[in-house]
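Dear colleague,

Please find below the structure that I am handing over to you.

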Amino acid sequence: MIDLGVRAVDVQLAQFASLRPREVLSPQLRSQATATLRKVLADARKQGQPSTEAILPYVDRIVDQVLRNQEVMVGLTDIRAHDAYTHAHSVNVCMLATMIGRSLGYTRNSLLILGIGAIMHDLGKVYIDPEILTQRSPLTWDQYQQVQEHPVLGYQALDRTPGIPRPAAMISLQHHERLDASGYPHAAEAAQIGAFSRIVAVADVYDAISSDRPYRAALTPLECLRLLSQEERGRLWPDAVNALAARIAPYPEGSTVELEGGELAVVIRCTAHSPLRPEVAIFTDNEGNLLAEPVAKRLSDAEHEQLTIRELLTLEGVSDTAAGAAPDPDRPSEAANLGEAAAAVRPVILPEEQRQAANLSSMFDPAEDGR
Ligand SMILES: [Fe+2]
C-alpha cells in the first residue's frame, strides 16, 4: 500500500470539492425520517402502543425518491448514515426494501405497504429490556429467548394499530424467518414466508453487514454481496438478492481505489450499466507520486479498456468526520464532498485488515445482528 499524505491528497482533490456523491434519498429526508422514527419508537416504548401516523408521510416520500432516482446506485452515504444505528438502520432498510420491490415490479401502493413494514420491522425491540439489546457480553439463553420475541411483539403491536395493513405487520413477524426454515420465531417454511418479509430480510442483512459496528468493521459492497449470494444461499430469496445487487455500487462515488497499474484514484461517478468501470479521477502515478493535476477517466470508455480497478482502498465515503467536524446525529453533512472524502484516506479500512476483522463466521454477532 502506498503511503498517502492526507493533506496533500486533500489539496490535490480540492477541485472536486463541488462534486457530491448522488444519493437515492436526500440528506434532508433521511435526517427527518430518522428523527421521526426515533420519536415514534420512543413513544411506543412509553405508551405500549405505537402511533405510526407521523412516520407514514416519510415512507411516502422515501418511495417517491426511490422511484425518482432509479438510476442512482447505492453508495456509502446511503448505507452508512451517522445517526444512532437502530433508527438509521430502519430508514435504510425501508429504502433498500423499496428499491428491491421496485425492481421486482411492485406497484406504488404495494411499495408503500412494503415501506411501512420495513421501517417498522424492528418495532418489537422497544418492548425488550434495552440492557439486553446493548449488552456486549454473550447473552444467556434466557436473554437470547427474550430477544427472539421481538418479531412477535412487533407484529402484535402493529396488528392492532389503526392504518397499518396486515401485510406490513407480517413483515415485523417474519423478517428473521429464513427460506431453509432456520429462522425465528416460527422456523417457518419457505412457502409460509411472504415476499415482503423475504425482501426485508435481504435489506436487513445487507444494511447490517455494510455498516460499521462496535465489534466489527463494515464489509465492502462486493464482500456484502458475496455474503448474501454465497454464504446466505438457500436462506435468503435469490430474486431479492439479485435485485439489490443490481443497485449496489461496487466502487461507490467518493471512495478511493487502486488501479491494476498501481495508480490511485477517487471514484467520481458510478453507473448501473457499467458498475465495475466507473468514472475516476487518477491522482497518483504508479509509484504513488501525486500528479500535478488529477486526471479524470471514464473507465467504461473503449479507449481506457486497459485500465481496471485492482481494489477498493477505502470504505470511507463522504462524512462529517472526514471534514473534521463532530457528527451531528440529526444533521447529515451539507458540506460533504469528494474533496473531504479523499481527505478521509486512512489505513483503518484497508481491505486486508478488513477481511481479517470481518470474520464471516462471527458476522452475526448474537449481541446485535442476530436479534
Ligand atoms: Fe429484527
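The notes below take up confidence, then a hairpin, a helix end and a loop.

This is a predicted model, in which local features need pLDDT of at least 70 and side-chain atom pairs count only at pLDDT 80 or more, while totals for chains, interfaces and linings use all residues. Residues are numbered from 1 along each chain as its sequence is written.

Confidence is given as pLDDT, the predictor's confidence in each residue, from 0 to 100. The protein chain has an average pLDDT of 79, and 76% of the residues score at least 70. Over residues 79-83 the pLDDT is below 50, and this stretch has 21 contacts in the model beyond near neighbours in sequence. Residues 317-371 also have a pLDDT below 50, with 115 contacts beyond near neighbours in sequence. Two residues are in contact if their C-beta atoms, placed from the backbone, lie within 7 Å. Where pLDDT is low, the predicted coordinates should not be read in detail.

Helices (H or I, at least four residues) and strands (E, at least two) are DSSP runs, numbered from the N terminus. Two strands pair if DSSP finds at least two bridges between them. Strand 3 (residues 279-284) and strand 4 (residues 290-298) run antiparallel and are joined by 5 bridges. Within this pairing, A281 stands opposite A296 in strand 4. The two strands form a hairpin with 5 residues between them, and G288 in the turn has a positive phi of about 90°.

D159 belongs to helix 9 (residues 150-159). Leaving aside residues up to four places away in sequence, D159 touches R166 and A169. The C-alpha atoms of D159 and A169 are 5.7 Å apart, although the two residues are 10 apart in sequence. A residue is buried if 20 or more other C-beta atoms lie within 10 Å of its own, exposed if 12 or fewer, and partly exposed in between, with C-beta atoms placed from the backbone. D159 counts as partly exposed because it has 15 C-beta neighbours inside 10 Å.

The loop between helix 10 (166-174) and helix 11 (195-209) contains P185. The peptide bond from Y184 to P185 is cis, with omega near 15°. A181 lies in the loop between helix 10 and helix 11, and its phi is near 65°, a positive value in a residue other than glycine. A181 is partly exposed because 14 C-beta neighbours lie inside 10 Å. A187 is also found in this loop, with a positive phi near 45°. A187 is exposed, because 12 other C-beta atoms lie within 10 Å.

Yours sincerely
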